[in-house]
Amino acid sequence: MSSYAVGVVGGDGIGPEVVTEGLKVVAAAGIELDLTHYDLGGARFLKDGMVLSDETLQEWRGLDAIYLGAVGAPGVPPGVIERGLLLKMRFELDLYINLRPFKLAGPDGHDFVVIRENTEGTYAGEGGFLRKGTPHEVATQGSVNTRRGVERCIRFAFDLATERNNHLTLVHKTNVLNFSADLWQRTFNEVAVDYPGVTTDYNHIDAACIYFVQDPQRYDVIVTDNLFGDILTDLGGAVSGGIGLASSANLNPGGLDGDTPGPSMFEPVHGSAPDIAGQQKANPIAAILSAAHMLKHLGEPEAAARIEAACDECATMTGSTSEIGDAVVAKL
Ligand code: IPM
Ligand code: MN
């Protein structure tokens with residue numbers, strides 16, 4: 001059996017605690033990883049100013065995957081770590097798909113997936129200040145939507161829909177965003193022609209928030225832009241057992257053969273939760289499920305499925321971070 005080269009960024013707050021459990025479970029599932037740990041995040045920045053070096057990024061391009069806990073620490077100005085580490089990783093490694101699966105609690109256990117565009121939109125950093133600090137200050141923050149970027153994301157979502165239940169919903173704001181939503185809707189309609197077996201739907205983002213709470217069963221695969229996807233997936237976590245269960249995969253689907261060769265990155269949706277850091281209070285399930293997704297991506301679907309099934313059985317369990325990790329291991 002092969003061993004996979006995985007870079008680990010435990011990061012800040014509860015990040016290292018939940019990552020420890022994820023790696024414990026992967027090892028218990030019999031998958032060997034060749035781990036390189038990177039001391040990066042808010043705490044590292046406060047120590048010596050390092051956020052992410054070009055050398056580290058270059059090293060990552062040679063890895064099979066990256067496993068991340070959470071980054072962000074009190075005392076670090078907003079944006080430094082988010083833009084300098086997390087978004088830089090997503091952008092530079094061209095992790096253009098942010099895949100976030102959800103499973104509703106209850107007997108039917110309906111599951112659905114949000115495909116969030118991960119390299120463009122308002123996250124791109126277009127904009128700036130004029131007359132900063134004066135009473136006449138102007139701040140703009142543009143949304144960057146390229147035909148290529150939008151189309152590759154929508155195609156990925158259609159492909160996923162064909163592997164699942166042949167239903168795809170576009171979520172955007174066509175009634176107001178007359179430029180960006182127009183490009184998304186036109187691209188969506190054009191790509192749909194190539195997938196005659198997939199039924200399509202459209203919801204405005206605000207309406208989708210209501211449906212997430214009142215009727216999430218209507219969804220199977222959703223595709224949406226970066227910022228809408230960020231907000232919607234926190235809501236997705238909240239309505240499907242809590243953010244402590246929400247996992248994510250930041251994918252460069254082309255991988256080594258794509259335009260930007262390199263690994264994909266796997267992380268829980270939740271943040272570093274500094275208020276409960278170091279207390280073994282965090283639920284590691286989101287991080288463990290993210291590790292399972294990593295194994296699927298590495299070509300170990302059988303181990304991934306076993307871990308997912310074990311997590312299902314432990315989803316409502318209470319206990320310390322390591323107790324929940326141990327319980328998942330016991331169920332394997
Ligand atoms: C997420 C997070 C990030 C985002 C932050 C930490 C930059 O909220 O992964 O959802 O906004 O994408
Ligand atoms: Mn978020």
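A pocket is an open set of points, on a 1 Å grid over the protein atoms alone, with protein on both sides within 12 Å along at least five of seven lines; lining residues have an atom within 4 Å of a point. A volume is the space filled by probe spheres set on the points, joined across faces, edges and corners. The model is predicted: local features need pLDDT of at least 70, side-chain atom pairs count only at pLDDT 80 or more, and totals for linings use all residues. Residues are numbered from 1 along each chain, and side-chain values use heavy atoms, without hydrogens and water.

The second largest pocket holds about 550 Å³ of space. Its lining comprises 22 residues, with Glu82, Leu86, Arg90, Asp230 and Val269 nearest the centre. Helix H4 contributes the most to this lining, five residues (helices are DSSP runs of H or I, at least four residues).

Ligand 1 sits in the second largest pocket (more than half of its atoms lie within 2 Å of the grid points). Around the ligand are Glu82, Leu86, Arg90, Arg100, Arg116, Tyr123 and Asp230, each with a heavy atom within 4 Å. H4 (residues 80-92) gives the most to this shell, three residues.

Polar contacts are pairs of N or O atoms within 3.5 Å. Oxygen atoms of ligand 1 lie 2.9 Å from a side-chain N or O atom of Arg100 and 2.8 Å from one of Arg116. For a polar side-chain atom of Tyr123, the distance to a ligand oxygen is 2.6 Å.

Key: Chains lettered and ligands numbered in written order. Polar contact = N/O pair within 3.5 Å; in protein donor to acceptor, adjacent residues only side chain to side chain. 1 Å grid on protein atoms, 1.4 Å probe; cavity = no way out; pocket = protein on both sides within 12 Å on 5 of 7 lines; lining within 4 Å. Helix = DSSP H or I, 4+ residues; strand = E, 2+ residues; numbered from the N terminus.
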